[in-house]
Amino acid sequence: MKTILNVIWLVLSGFWLFLGYLFAGVLLCVTVIGIPFGIAAFRIGVYALWPFGHTTVERRDAGAPSCVGNALWLILAGWWLALAHVVTGVLLCVTVIGIPFGIANFKLIPVSLLPLGREIVPSDRPFAAR
């Protein structure tokens, strides 16, 4: 079932969101300071491309650098990517068939705003990463 959902997601919004994350990642990787943020953008972009069957969990070992990095990410790329999720989610919720995909878009907003200190894991074992 998750494969069917992922394929429909890919067609409706996943590919375009992936391109947005890819663009943000390339822009952030231009400078040496932005490389960790670019890597986070690529990681979340792959998650936005194929989200069903995966979830995000907090990393307990992430400390103060993660918090500072999230503040910078929020200013540099987080708002724009979260806005893309909001717009796409609202557009998908217009139809009955698109409602689950709109909800999935809304679930991606927190990780698009504050990605550092989070890990993407399979849904069937969300506590294995801890």
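# Helices, bends and contacts in a predicted model

Me: Which helices are included in what covers the buried residues of H3?

Reply: In this predicted model, helix H3 runs over residues 64-92, and its buried residues include Trp 73, Leu 81, His 85 and Thr 88. The cover over the buried residues of H3 includes helix H1 (2-29), helix H2 (35-49), H4 and helix H5 (109-113).

Me: At which residue does H3 bend?

Reply: If H3 were a straight helix of 29 residues, it would span 42 Å at 1.5 Å a residue, yet the end C-alpha atoms of H3 are only 37 Å apart. A bend of about 60° is found in H3, and its place is Leu 74.

Me: Which helices are included in what covers the buried residues of H1?

Reply: The buried residues of H1 include Asn 6, Trp 9, Ser 13, Leu 17 and Tyr 21. What lies over the buried residues of H1 includes H2, H3, H4 and H5.

Me: Is Asn 105 buried or exposed?

Reply: Asn 105 belongs to helix H4, and, leaving out residues up to four places away in sequence, it touches Trp 9, Ser 13, Leu 17, His 85, Thr 88, Gly 89 and Leu 92. Because its relative accessibility is 0% and the limit for this class is under 20%, Asn 105 counts as buried.

Me: Which residues does Ser 13 contact, leaving aside its neighbours within four places in sequence?

Reply: Ser 13 sits in helix H1, and with a relative accessibility of 3% it counts as buried. Once neighbours within four places in sequence are set aside, the residues in contact with Ser 13 are Thr 88, Leu 92 and Asn 105.

Me: How many Å separate the C-alpha atoms of Thr 88 and Gly 102?

Reply: Thr 88 lies in helix H3, where its relative accessibility of 18% makes it count as buried. Not counting residues up to four places away in sequence, Thr 88 touches Ser 13, Leu 17 and Asn 105. Thr 88 and Gly 102 are 14 residues apart along the chain, and the separation of their C-alpha atoms is 7.0 Å.

Me: Which helix gives the most to the nonpolar patch?

Reply: The nonpolar patch on the surface has about 1,100 Å² of accessible area together, and among its residues are Trp 79, Trp 80, Val 96, Ile 103 and Phe 106. At least two residues of the nonpolar patch come from each of helix H3 (64-92) and helix H4 (99-107). Seven residues are supplied by the helix that gives the most to the nonpolar patch, and that helix is H3.

Me: Is Val 96 buried or exposed?

Reply: Val 96, one of the residues that form the nonpolar patch, lies in the loop between H3 and H4. Because its relative accessible area is 70% and the limit for this class is over 50%, Val 96 is exposed.

Me: How many Å apart in space are Arg 60 and Met 1, C-alpha to C-alpha?

Reply: Arg 60 is placed in the loop between strand S1 (54-58) and H3, and with a relative accessible area of 62% it is exposed. In sequence Arg 60 and Met 1 are 59 residues apart, while in space, C-alpha to C-alpha, they are apart by 31 Å.

Methods. Residues numbered from 1 in each chain as written. Predicted model: local features only at pLDDT ≥ 70, side-chain atom pairs only at ≥ 80, totals over all residues. Heavy atoms only, no water. Patch = residues over 30% accessible without salt bridge, like charges linked within 9 Å, V, L, I, M, F, W, Y side chains within 5 Å. Areas by Shrake-Rupley, 256 points an atom, 1.4 Å probe, with all protein chains shown as cover. Salt bridge = Lys/Arg side-chain N within 4 Å of Asp/Glu carboxyl O. Helix = DSSP H or I, 4+ residues; strand = E, 2+ residues; numbered from the N terminus. Buried < 20%, exposed > 50% of the residue type's maximum accessible area, 1.4 Å probe, protein only. Expected span 1.5 Å × (residues − 1). Bend = angle between axes of the 7 residues up to and from the residue. Contact = heavy atoms within 4.5 Å.
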